[in-house]
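The topics follow the structure below.

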Amino acid sequence: MPSFILRAANRILVGLILVFSVYLLLRGHNAPGGGFSAALVAATGFALFAIAEGPQPVRQALRIDPLVLVAWGLLLAIGSGLMAVVTGQPYLTGLWWPADATVDTPAVGTPLLFDVGVFLAVLGTILTLILHLEES
Amino acid sequence: MNGLLVAPIIVPFAAAALALLGRRRPLFQHVSALTVAAIHLVAGGWLLYQVHHQGIAVLHVGGWPAPFGIALVADHLSALMVLITGVVYGAVVVYSRAEISADDIRRGYYPLLHILVGGISGAFLTGDLFNLYVWFEVMLMASFALLVLGRTRAQIKGGVTYVVINLFATLLFLTGLGMVYGMTGTLNMAHLHLKLRAVADPGQVAAVSVLFLTAFGIKSGLFPLFFWLPASYHTPPVAVSAIFSGLLTKVGVYALIRTFTLIFPFGSSGLQELVLAAAALTMITGVLGAAAQSDIRRILSFHIISQVGYMVLGLGLFTPLALAGAVFYLLHHIVVKANLFLISGLIRQRGGSFALKRIGGMYARGLLALLFFIPAFSLAGFPPLSGFWAKMILIRSSLDSGQFVLAGVAAAVGLLTVYSMTKIWNEAFWKPMPTTETAIVQNRVSVWMTAPVVALVLLTVCIGFWPEPFVQLARTAAEELLDPMAYVYTVVGEMR
């Protein structure tokens, strides 16, 4: 039986960790962060959840199989590179909206899509491992 | 059409994602795998066509110019390797339909297979040393998971040996990478070709090149670092061991060839003698190890080692003819060796075992006997099969270089190969079926398993009777390797 303190703290901490991971994901292109590290942070949140409540509630909270996350992550990362190919540029070239964005102005681009893909793939892989380990 | 360079890499990865999405539908996984393998094969063929007619192709991924970004480069060697990867990929996918159990498919056989092929293609196409390291890791993880998929004791034991030794090799590789980067400030292979010449201390360069030699030597199963290979290759399903035997060690050989032609061309460092000695010892130990085995897949595993010795011999001699021989040997060997493993699966289906003691009487199965006979004796170097030409080119170039001992070793090892192929032949085919054993013998072998074997046998026969185009391609590849300026110029352009 996990401790009451851990379970109480869990409710606040998991949310905070997940918000922080989204923050890392979004700032990733121009500053330290990015899909990979954001996914690691998010995975620690889910790991904490799994330790406090057990793996089954985590699966219920996730609603989708982590392997599906891996698949969509891979497809998203590959697809984000293909957009540049469609416009006639080399694979994985970053496309930005607005196109004249600088470091200081907010902009959305295919690198963000790529990062989200990496995020999903890494998170899915780690969750698959963690949940299997917790269950066995 | 340089954008096509990413296709052999991203297509298998997309296939892995699709296979994960359809992981409860084996039929969907199989159909998508067939489609993707076909696309991979076509892309490889198209790539070779482009390279052959328009010269070396380069793609600066993300639009970042070399040496800052990662370049994908296809010269003749890379394109040939990608194409042959597609051939083995296709054969193995077809074979998997009948051979891979529903359990293995549920545990993720197809996604792992696709990731493995994506990693192999990446390793062949990358023009960046660090990127090569990443592809090695991708391959290592996917292949380890494939090795232990069935969760038997033998698989775990072989798998752990495999992963520990190979992780050690990648660690050495990474150390070498760090030192190279410290010396030159670049990891682009073409750029390194220029930069390493300017390093003041030749001792440093030689030391680092030995690190690379050791790392890739482990990967390719070179003497004395080969022992992980026969410990693991006979444990997984036949389709898996076929793709391992055909392609994995050959990525190591490819990396050796690429490193010691482009990055550290053999000079006066004495490394060439070391490579030649390792090649000779690899040939001998591999073939002697095979003679002591009595399980078909273990015999074949030891033969991979002795055959790797031939390819490295071609690299070590470092003449145009010898390198062409090494490239030709690679092509011939991948087809023949993967096929022999696939055939061992057919023998097991008919005889119920891989152990030579427990099977026999296969001679009555005329087609199976013929299918085994051709690649087995091609491997041993019987004229006019493909192995004969491969061995002849290499022995001829050893004689040209005045290396009579090496030529003798190569010829003698060929004879010993005949010995162990004859052993399989006598035990599995000539000898009557042991009556003491009541093995479950299946009389029907699925056409999914026979068809790829027949196709690869036809390819072997085709290379054997019509070697000219293959030799020409190998010669062009060797010329590019020995004079890397075209490669360097294509990748880094005017920048010096």
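In this predicted model, B:R396 and B:D400 both belong to helix α16 (residues 386-400) of chain B, where they sit four residues apart, about one turn of the helix. Their side chains form a salt bridge, with the closest N and O atoms 3.7 Å apart, and both residues are exposed.

**Other salt bridges**
- Over all chains, a search of the whole structure finds eight salt bridges.
- One of them joins A:E135 and A:R59 at 2.8 Å, N to O.
- A:E135 is in helix α5 (residues 110-135) of chain A and A:R59 in helix α3 (residues 55-62) of chain A, so the pair ties together parts 76 residues apart in sequence.
- A:E135 is partly exposed at 39% relative accessibility, and A:R59 is partly exposed at 26%.
- In chain B, the side chains of B:R348 and B:E99 meet in a salt bridge of 3.5 Å, N to O.
- This pair links helix α14 (residues 320-351) with helix α3 (residues 76-99) of chain B, so parts 249 residues apart in sequence are tied together.
- B:R348 is partly exposed at 29%, whereas B:E99 counts as buried at 14%.

**Helix α13 of chain B**
- Helix α13 (residues 296-317) has 22 residues and reaches 32 Å from its first C-alpha to its last, close to the 32 Å expected.
- Of its 22 residues, 21 are buried.
- B:D295 caps the N-terminal end, with a side-chain oxygen 2.9 Å from the backbone nitrogen of B:R297.
- Just after the helix, B:F318 takes a positive phi of about 60 degrees.

**Nonpolar surface patch**
- B:I284, B:L288, B:L416 and B:Y419 form a nonpolar surface patch with about 350 Å² of accessible area together.
- Helices α12 (271-291) and α17 (404-430) of chain B each give two or more residues to the patch.
- B:Y419, in helix α17 of chain B, is partly exposed at 45% relative accessibility.

Notes:
Residues are numbered from 1 along each chain as its sequence is written. Chains are lettered from A and ligands numbered from 1 in the order in which they are written. This is a predicted model: local features need pLDDT of at least 70, side-chain atom pairs count only at pLDDT 80 or more; totals for chains, interfaces and linings use all residues. Side-chain values use heavy atoms; hydrogens and water are left out. Patches are made of residues with over 30% relative accessible area and no salt bridge: like charges are joined within 9 Å, nonpolar side chains (Val, Leu, Ile, Met, Phe, Trp, Tyr) within 5 Å. Accessible areas come from the Shrake-Rupley method with a 1.4 Å probe; for residues, only the protein chains shown count as cover. A salt bridge is a side-chain nitrogen of Lys or Arg within 4 Å of a carboxyl oxygen of Asp or Glu. Buried means under 20% relative accessible area, exposed over 50%, partly exposed in between (1.4 Å probe, protein chains only). The expected span of a helix is 1.5 Å times one less than its number of residues. A polar contact is a pair of N or O atoms within 3.5 Å; within protein, one must be able to donate a hydrogen and the other to accept it, and residues adjacent in sequence count only if both atoms are side-chain atoms.
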